[in-house]
Each structure stands twice: as structure tokens, then as C-alpha cells.
Amino acid sequence: MELHIRHLSKTYANGVKALDDVSLTIPRGMFGLLGPNGAGKSTLMRTIATLQEADGGSIRLGELDVLRDKMSVRRSLGYLPQEFGVYPKISAYDMLEHVAVLKGIGSGRKAMVEELLRRVNLWDVRKKALGGFSGGMKQRFGIAQALIGDPRLIIVDEPTAGLDPGERNRFYNLLSEIGEQVIVILSTHIVEDVKELCSQMAIIDKGRVLFAGSPSDALDGVRHRVWSSTVPKDRLQDLTARLPVISTRMVAGKPLIHVYGEQAPEEGFREVEADLEDVYFAHIKGFTQAVMA
Ligand code: ADP
């Protein structure tokens, strides 16, 4: 089963075009939707989750028409929103049970709740109030509630923001385990999330899809086109104005810049192996289009 998004568009009342003719095919496994803040990721996630309307286009989940057959989609869907609110005084166990009741789970509910608490590694703290949970524990609880009812499609919106590296790793492991069986869409502005987890990905910005494919296709697209040099600080401004600079970071107190192009931009630059970060910024800054045109 695949999720097919075709020509999806959405313009908000204030005139912001949040989705501009978005088409994507999303297979089973982990799919990374990468884009900066304001790119349109949440709008797309919320539309797939049947929480808001599109202006035009279509979404199909297997045989289901997502934009029309909302109730059926909701039964097949697990959603972990960006701002996942919890009732602070309720225990993890009671809250999960409550969500299961709301989702219409009757028989087998107790076993399901217990299995999920074990799966997300919250069994030992199941009787603790959610208000005392760390960010990582809250996110794992969020995944447990999203998994109720055996969804075929799981959407997680910016899930690793605010997690420390250990928590983030545990969360990655949990997600990749889940991604073996169902479609998981992970929206994020953190390139690392996609690199670690996703077999397919898309880069979006200003409501448009700039790239869709596997991370290795993405890397192939910029191969032999990333050049690097450390430069004196006082030349940085001039270089940034003149050259297609992908990124600048400080290494041992000196700026190291990556520049996009078919050949070395000037003397002193050497070709480097591109990573996903280079791909991302080359697309977001429009350099890849300029070369293709
Ligand atoms: P992302 O999740 O990638 O940060 P969003 O989908 O939240 O992006 O937002 C895309 C664009 O739409 C942004 O410019 C944002 O300001 C705008 N936007 C989002 N929600 C609304 C809304 N309810 N009304 C008006 N504009 C909105």
C-alpha cells in the first residue's frame, strides 16, 4: 500500500501559499519530509491527517480517498502532532487506556495498552503522572497513543525537537522498528533525522517539492559539485556575495565554506564528498535548479 499525493494546493486566507502543486508517492517504510520552518510541512501533515482541507488536488491511501473518506482514514491513521498536549496529572497507563476508548477499542484493550507501554519502554513508569515525564518520554508516549488501533499510516511532525541525544536515539530506534511494517512520515527541519532513519525523502520549501527520492539519489544529484575551502574571515562577506555558498561553519576558529558548482569556484577550493546537509542547502538555496536550467 502506498500514499499518493497529487497536485495538492492550499492558500491560507492571508494569501500565504502553503502548498503549491505538491505531488509525492510515499511507500511503506520511513519517509522523511525535510524543509525549513514555514516550508509547509505541518500544512501537508495536517491535510493528510484529515484535520484540514486542501483547495485542490487529491490524496489516496491505497483504495481510500483521504480528502473525502475522512472517517475511514482516521481509523487507519496514527498522528503525533508538533505540540502534543498531555493531561499532566493522569498516569501514562490511564491516559493510554482513555485514548483507546476514544478510538473505539473494546475487546482486548487492556492487553493492547500493556503491550504498547512495553513497546515504547514506558512500562516501569506507567503509573507516573505524565506531567513529570521528560521530553523523550512524552514523545514515546505520543508514539504509543499514535499506535493504538494498528494504523497503516503514521505521521510524526517535528518529533525530535527538544530531545537530548540519548532520548533522540531511543526515539529513532522505536520509529525505525515501526517503519518496517507501515508508512511512517516524519516531518523535520533536522537533516540528521532523515539521514539516520529514512529510506525515501522529499525536500520542500515555500510549498513546493524541490526533491523527492532516496537519500542516495539525493547525494548522486550533487556529486562532484561541492567544493570546500577555509577562508580568512575578512573575505567571507565578499565570497558569500559572489559565490553559490551552500554553508559556512567555523573550524578551529576559521570559516570553512562549501560552494556549489561544476568546477572549483577559484583557487584554493577542493572537491569534497557531499553529505545530505549539502544536498539540503543546495536545494533550499535554489542552486540545483540554476544548474539544471
Ligand atoms: P512548517 O510546518 O514547514 O513550518 P507550515 O505548514 O506551518 O510550515 O506553514 C507554511 C506557511 O503557511 C507559513 O508561511 C505559515 O506562516 C503559513 N501558515 C500556516 N498556518 C497558517 C494559518 N492557519 N493561517 C495563515 N497562514 C498559515
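The expected span of a helix is 1.5 Å times one less than its number of residues. Helices (H or I, at least four residues) and strands (E, at least two) are DSSP runs, numbered from the N terminus. This is a predicted model, where local features need pLDDT of at least 70 and side-chain atom pairs count only at pLDDT 80 or more, while totals for chains, interfaces and linings use all residues. Residue numbers start from 1 along each chain as its sequence is written.

**View 1. The whole chain, for orientation.** Eleven helices and 14 strands make up the secondary structure of the chain. Its C-alpha atoms fill a box of roughly 70 × 45 × 35 Å along the principal axes. Of the 293 residues, 37% count as buried (20 or more other C-beta atoms within 10 Å of the residue's own; exposed is 12 or fewer, partly exposed is in between, and C-beta atoms are placed from the backbone). Take the contacts (C-beta atoms, placed from the backbone, within 7 Å) with a separation of 6 or more: 69% of them link residues 24 or more positions apart.

**View 2. Helix α5 and what it packs against.** With 13 residues, α5 reaches 19 Å from its first C-alpha to its last, close to the 18 Å expected at 1.5 Å a residue. Its buried residues are Q139, R140, F141, G142, I143, A144, Q145, A146 and L147. They pack against β6 (77-80), α3 (92-102), α4 (109-119), β7 and α6. Just after α5, look for G149, which takes a positive phi of about 85°.

View 3. R168, F171, L175 and I178 are the buried ones here. They cover an arc of only 85° around the axis, so they sit on the same side of α6 (the arc is that of the directions from the helix axis to the C-beta atoms). An α-helix has 3.6 residues a turn, so residues three or four places apart point the same way. Cover for the buried residues of α6 includes β3 (29-34), α5 (135-147), β7 (153-157), β8 (183-188) and α7 (191-197).

View 4. The domain assignment gives domain 1 (3-213) and domain 2 (220-292), with bounds from an automatic or database assignment. Their C-alpha centres lie 34 Å apart. Nine residues from domain 1 and five residues from domain 2 take part in the contact. On the domain 1 side, the elements giving two or more residues are α7, β9 (200-205) and β10 (208-213). Of these, α7 gives the most, with three residues.

**View 5. The shell around the ligand.** Around the ligand sit Y12, N14, V16, A18, G35, N37, G38, A39, G40, K41, S42 and T43 (near means a C-beta atom, placed from the backbone, within 6 Å). Helix α1 (residues 41-48) supplies the largest share of this shell, three residues. By class, the shell divides into four nonpolar, seven polar and one charged. Nonpolar here covers Ala, Val, Leu, Ile, Met, Phe, Trp, Tyr, Cys and Pro; charged covers Asp, Glu, Lys and Arg; the others, Gly among them, are polar.

Technical notes: Two residues are in contact if their C-beta atoms, placed from the backbone, lie within 7 Å.
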